[in-house]
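Here's a quick briefing on one model, with a look at its ligand site, its cavity and pockets, and a couple of backbone details. Have the sequence and structure open as you read.

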Amino acid sequence: MLRRPRRNRKTSAVRGMVRETALDVHNLVYPMFLVPGSGIKEEISTLPGNYRWSVDLLLDEIEDCLKLGIKNFMFFPKVDEKHKNAEGSNSYAADNFYLKAFEEVKKKYPHVTLITDVALDPYSIHGHDGIVRNGKVVNDETNAVLAKMAVAQARAGADVIGPSDMMDGRVRVIREALDAAGFNDVSIMSYTAKYASVMYGPFRDALDSAPAADANVPKDKKTYQMDPGNKREALIEAELDFQEGADFMMVKPAIFYLDIIHAIKERYNIPVAAYNVSGEVAMIKAAAAAGSLNYEDAVNEMLLSIKRAGADVIITYLAKDFARGRA
Ligand code: PBG
């Protein structure tokens, strides 16, 4: 035998020398859930170890994260029922608690990256990412609201706008609205290939944003989120987002869609992000709690697989656990 691959695995030092992919906390984004009020830190029962935060406690938590090297954050709002309506108009009200929280975060920590969520589901009585008319989620009318939301977020201090809604053409509409309002330095991280996945359960619990059980609205998000069987369609979405000016292209979920991450990474030269979604994390936590596998090793291997597939940026609820393990 002239080729013995095992020679390059013989010691930990040799394995380290030839390791092709390594994780770095700088590539991680920590998604967090925000609620109005003060003194609130509520654990999400289906996503243990993750919380809904009021802004005062969020500021302390960010301090903690910064000590661990986490500098990139993504925020999602849990909106009070009284502010929800059919049009999701609270999403761009300048005094809404989510935008106020951005201002506070940026005042205290001007150098952290603040990534937003643009979609109507937290603000909609229907739980859909767009406006519903005659039982359908309407595209272009929704885009007009998303653009207003994006500009309001930029005005409140956002660094990166994150459209998670999957409407057609929204990256361009948002880019043009941001530029027209003088925010040409605010980036767009587009949810390029977001699949209609079973893996969003804990997130919808966290925000109470599951599509409403109402005969007049679609019961799922399959007319805008992608079919899990499709890969070439993801490349159409990628081409459109690239042309429309996205700065990052995201694949979501991550571990069930590693081939999609890889395909986009091979073809485009802008950063690829992958969202390690709530259900993926819940699976690992449940398996570890049942004694089926070692938690830290599972976290490392899962995140590594996402990076190896081609993700430059990984959005994960495990950012803090990962950073702590390494600290
Ligand atoms: C909705 C949105 C969802 C997630 C992020 N933004 C859920 C959905 O599409 O219903 C899921 C993230 C996760 O599960 O961690 N705009």
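A polar contact here is a pair of N or O atoms within 3.5 Å; within protein, one must be able to donate a hydrogen and the other to accept it, and residues adjacent in sequence count only if both atoms are side-chain atoms. With that in hand, Lys194 has a polar side-chain atom 2.9 Å from an oxygen atom of the ligand. Keep in mind that this is a predicted model, where local features need pLDDT of at least 70, side-chain atom pairs count only at pLDDT 80 or more, and totals for chains, interfaces and linings use all residues. Numbering runs from 1 along each chain as its sequence is written, and side-chain values use heavy atoms, with hydrogens and water left out.

**Ligand site**

- Arg204 puts a side-chain N or O atom 2.6 Å from an oxygen atom of the ligand, and a polar side-chain atom of Ser278 sits 2.7 Å from a ligand oxygen.
- The protein buries 100% of the 410 Å² that the ligand exposes when taken alone (accessible areas by the Shrake-Rupley method with a 1.4 Å probe; for residues, only the protein chains shown count as cover).
- The ligand is surrounded by 16 residues, and Arg204, Lys221, Lys252, Ser278 and Tyr317 are the closest (near means a heavy atom within 4 Å).
- That shell splits into seven nonpolar, three polar and six charged residues, where Ala, Val, Leu, Ile, Met, Phe, Trp, Tyr, Cys and Pro count as nonpolar, Asp, Glu, Lys and Arg as charged, and the others, Gly among them, as polar.

**The cavity**

- On a 1 Å grid over the protein atoms alone, a cavity is a set of points where a 1.4 Å probe fits but cannot get out, a pocket is an open set with protein on both sides within 12 Å along at least five of seven lines, and lining residues have an atom within 4 Å of a point.
- There is one cavity of 30 Å³ or more, and the largest cavity has a volume of about 120 Å³ (grid points are joined across faces, edges and corners, and the volume is the space filled by probe spheres set on them).
- The ligand takes up the space of the largest cavity (more than half of its atoms lie within 2 Å of the grid points).
- Of the 15 residues lining the largest cavity, Asp121, Lys194, Tyr200, Phe203 and Lys252 lie nearest its centre.
- The cavity lining has five nonpolar, four polar and six charged residues.

**Pockets**

- The largest pocket holds about 250 Å³ of space, and its lining includes Pro5, Asn8, Arg15, Leu304 and Arg308.
- Helix H1 (12-18) and helix H10 (295-309) each give at least two residues to that lining (helices, H or I with at least four residues, and strands, E with at least two, are DSSP runs numbered from the N terminus).
- The second largest pocket has about 210 Å³ of space; 13 residues line this pocket, with Met166, Asp168, Thr223, Tyr224 and Glu237 closest to its centre.

**Backbone details**

- Lys252 to Pro253 is a cis peptide bond, with omega near -10°, and Pro253 is in the loop between strand S10 (248-252) and helix H8 (258-267).
- Asn134 isn't a glycine, yet has a positive phi of about 50°; Asn134 is in the loop between strand S6 (131-133) and strand S7 (136-138).
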